[in-house]
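Subject: Structure for you to look at

Hello,

Here is the structure I said I would pass on. My notes on it follow below.

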Amino acid sequence: MRSIYLVDTSAWLFALGCRPKPEIYGRIQYLVENNLVAIVSPIQYELLSGIREEADVIRLQSYLSSLHPFPFMAAEWLEAVAWAQSVRNKGLK
């Protein structure tokens, strides 16, 4: 079984932003070309809400729709909160 990767917003920005980092761009390009990238609605929201031009929003939305959708359920959001609190309590965030 092959792995599917969830690419975080910050990685997308390092790959697609105004000053892309070639190593990050290359890795994401490889993952996308090999159909190995998942997307969650919060990341999709963060990426799309930062775009000003409607045509660019439509183009990126189309691009992101080709990725594996990974839905979040309410229980998973609560688990994410617990993880964030745990990390914060350890002084790691």
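A nonpolar patch here joins nonpolar side chains (Val, Leu, Ile, Met, Phe, Trp, Tyr) within 5 Å, taken from residues with over 30% relative accessible area and no salt bridge. The model is predicted.

One such patch is formed by Leu16, Tyr25 and Tyr63, with a surface of about 280 Å². Leu16 belongs to helix α1, which covers residues 9-16. Its relative accessible area is 44%, so Leu16 counts as partly exposed. Tyr63 is partly exposed as well, at 32%.

Tyr63 also takes part in an aromatic contact. The count of aromatic pairs comes to 1. The partners are Trp12 and Tyr63: their ring centres are 6.1 Å apart and the planes meet at 85°, and because planes over 60 degrees apart count as edge-to-face, the pair falls in that class. This pair connects distant parts of the chain, with Trp12 in helix α1 and Tyr63 in helix α4, 51 residues apart.

Ser65 sits in the loop between α4 (54-64) and β3 (68-69). With a relative accessible area of 54%, Ser65 is exposed. Ser65 and Glu46 are separated by 19 residues in sequence and by 15 Å in space, C-alpha to C-alpha.

Regards

Conventions
Residues numbered from 1 in each chain as written. Predicted model: local features only at pLDDT ≥ 70, side-chain atom pairs only at ≥ 80, totals over all residues. Heavy atoms only, no water. Patch = residues over 30% accessible without salt bridge, like charges linked within 9 Å, V, L, I, M, F, W, Y side chains within 5 Å. Areas by Shrake-Rupley, 256 points an atom, 1.4 Å probe, with all protein chains shown as cover. Salt bridge = Lys/Arg side-chain N within 4 Å of Asp/Glu carboxyl O. Helix = DSSP H or I, 4+ residues; strand = E, 2+ residues; numbered from the N terminus. Buried < 20%, exposed > 50% of the residue type's maximum accessible area, 1.4 Å probe, protein only. Phe/Tyr/Trp six-rings, centres within 6.5 Å; stacked < 30°, edge-to-face > 60°.
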